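Subject: Structure for your files

Hello,

Here is the structure I said I would pass on.

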Amino acid sequence: MLILTLAMIIAAYLIGSISSAILICKALGLPDPRTFGSKNPGATNVLRISNKMVALTVLMLDVLKGTIPVWGAYFLAVEPLYLGFVGVAACLGHMYPVFFGFKGGKAVATALGTLLPIGFTLGALLMATWLAVVKVTKYSSLAAIITVSLAPIYVYLLKPLYVYPTLMLSALIIFRHRANIARLLTGTESKITHKI
């Protein structure tokens with residue numbers, strides 16, 4: 001089981017390292033998202049340089065990068081705590097992709113994908129939280145921080161068995177947003193100008 005778990009962790013990292021934002025922008029002749037806007041290769045920044053359909057495609061692919069390895073590990077009977085490691089590995093792949101010079105995004109969508117196997121009710125709560133905060137504040141980063149902060153509470157209420165893996169993911173995402181937190185506190189964080 002240990003070998004299987006390690007294999008799933010490595011596979012999750014490699015899957016997470018496939019940057020849909022960079023690949024799709026390159027295929028469509030769009031600017032590299034790492035050199036434009038927030039310089040973050042994620043769906044929100046892709047929205048700044050393209051349109052909703054392209055950004056939605058990036059979003060869905062980034063979600064799948066988290067869902068596929070965690071779901072696979074779940075069906076292979078990997079223990080709940082180690083499922084958390086698989087999820088963290090997928091997010092680390094998105095943040096520090098081996099295929100793109102270890103320069104990646106914030107992994108918010110990928111983290112959402114890792115939590116979807118817990119249940120679609122959780123997924124709906126997380127997406128509703130993110131959308132509500134964005135609608136009110138226009139800050140994608142703040143929406144992400146609040147959503148991942150509430151995720152362990154949602155999981156505790158729905159499936160307490162997965163609280164510790166969720167706490168790991170939440171801590172990782174908040175850590176990755178430390179620069180955004182600093183900009184939010186100083187009022188220099190950029191807002192979403194497109195209608196969501």
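Helix α7 covers residues 120–137, and at 1.5 Å a residue its 18 residues should span 26 Å, which agrees with the 26 Å between its end C-alpha atoms. The expected span is 1.5 Å times one less than the number of residues, and helices are DSSP runs (H or I, at least four residues) numbered from the N terminus. This is a predicted model: local features need pLDDT of at least 70 and side-chain atom pairs 80 or more, while totals for chains, interfaces and linings use all residues. Residues are numbered from 1 along each chain as its sequence is written, and side-chain values use heavy atoms, without hydrogens and water.

Buried (under 20% relative accessible area, 1.4 Å probe, protein chains only) in α7 are L122, G123, L126, T129, V133 and V134. They lie on the same side of α7, because their arc around the axis is only 130 degrees, taken from the directions from the helix axis to the C-beta atoms. F120, T121 and V136 are exposed (over 50%) on the face turned away from the buried side. Among what covers the buried residues are α6 (108–115) and α8 (140–158). After α7 comes K138, with a positive phi near 70 degrees.

The second largest pocket has a volume of about 200 Å³. Of its 15 lining residues, V70, L83, T114, I118 and Y162 are the closest to its centre. α5 (80–95) is among the helices that each supply at least two lining residues, and α5 gives the most, with four.

Regards

Definitions and conventions. Contact means heavy atoms within 4.5 Å. On a 1 Å grid over the protein atoms alone, a cavity is a set of points where a 1.4 Å probe fits but cannot get out, and a pocket is an open set with protein on both sides within 12 Å along at least five of seven lines; lining residues have an atom within 4 Å of a point. Grid points are joined across faces, edges and corners, and a volume is the space filled by probe spheres set on the points.
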